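Please look over the structure below, then read the short report on its strands and charged pairs.

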Amino acid sequence: QVQLVESGGGLAQPGESLRLSCAVSGLNFDIYAMGWARQAPGAGIEWLAGIYSDGSDTWYADSVKDRFTISRDNVKKEVYLQMNVLKPEDTGKYFCATGILPTTQHDYWGQGIQVTVAP
């Protein structure tokens with residue numbers, strides 16, 4: 001059974017940082033590109049960042065480039081999203097999923113975790 005479990009969300013003030021983690025089990029993590037997406041209130045899914053299976057390359061949406069950093073640990077089978085200089089518009093439910101680009105097929109998704117950025 002494939003499971004992707006996000007953690008690390010919560011409430012932050014504008015300008016603060018949060019680090020999301022995603023623990024993956026039930027699949028050969030080493031061969032999967034991984035990424036993060038979010039869904040803001042009342043909006044669709046926005047693909048934010050992706051990383052190749054070996055961590056050799058990454059992709060970022062313009063909305064988070066230079067503020068968010070994706071990384072992974074293939075030994076722990078985890079993928080991370082370091083979020084810096086958070087803005088209120090970063091509020092939403094964050095999901096980890098397989099795949100690197102917005103157009104990539106995303107076979108597996110986590111349940112998501114809430115991030116709220118407010119004063």
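## Strands and salt bridges

Lysine 77 takes a positive phi near 60 degrees in the hairpin of E7 and E8, which has 4 residues between the strands. Strands (E, at least two residues) are DSSP runs, numbered from the N terminus. This is a predicted model, where local features need pLDDT of at least 70, side-chain atom pairs count only at pLDDT 80 or more, and totals for chains, interfaces and linings use all residues. Residues are numbered from 1 along each chain as its sequence is written, and side-chain values use heavy atoms, with hydrogens and water left out.

Strand E7 covers residues 68–73 and runs antiparallel to E8, with 6 bridges joining them. Two strands pair if DSSP finds at least two bridges between them. Threonine 69 has glutamine 82 as its bridge partner in E8.

E8 also pairs with E3. These two strands run antiparallel and are joined by 6 bridges. Which residue in E8 is the bridge partner of serine 21? It is tyrosine 80. Serine 21 lies in strand E3, residues 18–25. Its relative accessible area is 16%, so serine 21 is buried (buried means under 20%, exposed over 50%, partly exposed in between, with a 1.4 Å probe and protein chains only). Serine 21 touches Val5, Glu6, Ser7, Trp36, Val79 and Tyr80, not counting residues up to four places away in sequence. Contact means heavy atoms within 4.5 Å.

Now the charged pairs. The whole structure holds 4 salt bridges. A salt bridge is a side-chain nitrogen of Lys or Arg within 4 Å of a carboxyl oxygen of Asp or Glu. The table lists some of them.

| Pair | N to O distance |
|---|---|
| Arginine 38 and glutamate 46 | 3.1 Å |
| Aspartate 90 and arginine 38 | 2.9 Å |
| Aspartate 62 and lysine 65 | 3.3 Å |

Aspartate 90 and arginine 38 link distant parts of the chain, 52 residues apart. Aspartate 90 is in the loop between strand E8 (78–83) and strand E9 (92–98), while arginine 38 is in strand E4 (residues 34–39). Both residues are buried. Arginine 38 has a relative accessible area of 6%.

Aspartate 62 is exposed, with a relative accessible area of 68%. Lysine 65 is partly exposed, at 40%. Elsewhere, salt bridges that share partners join Arg38, Glu46, Arg67 and Asp90 into one network.
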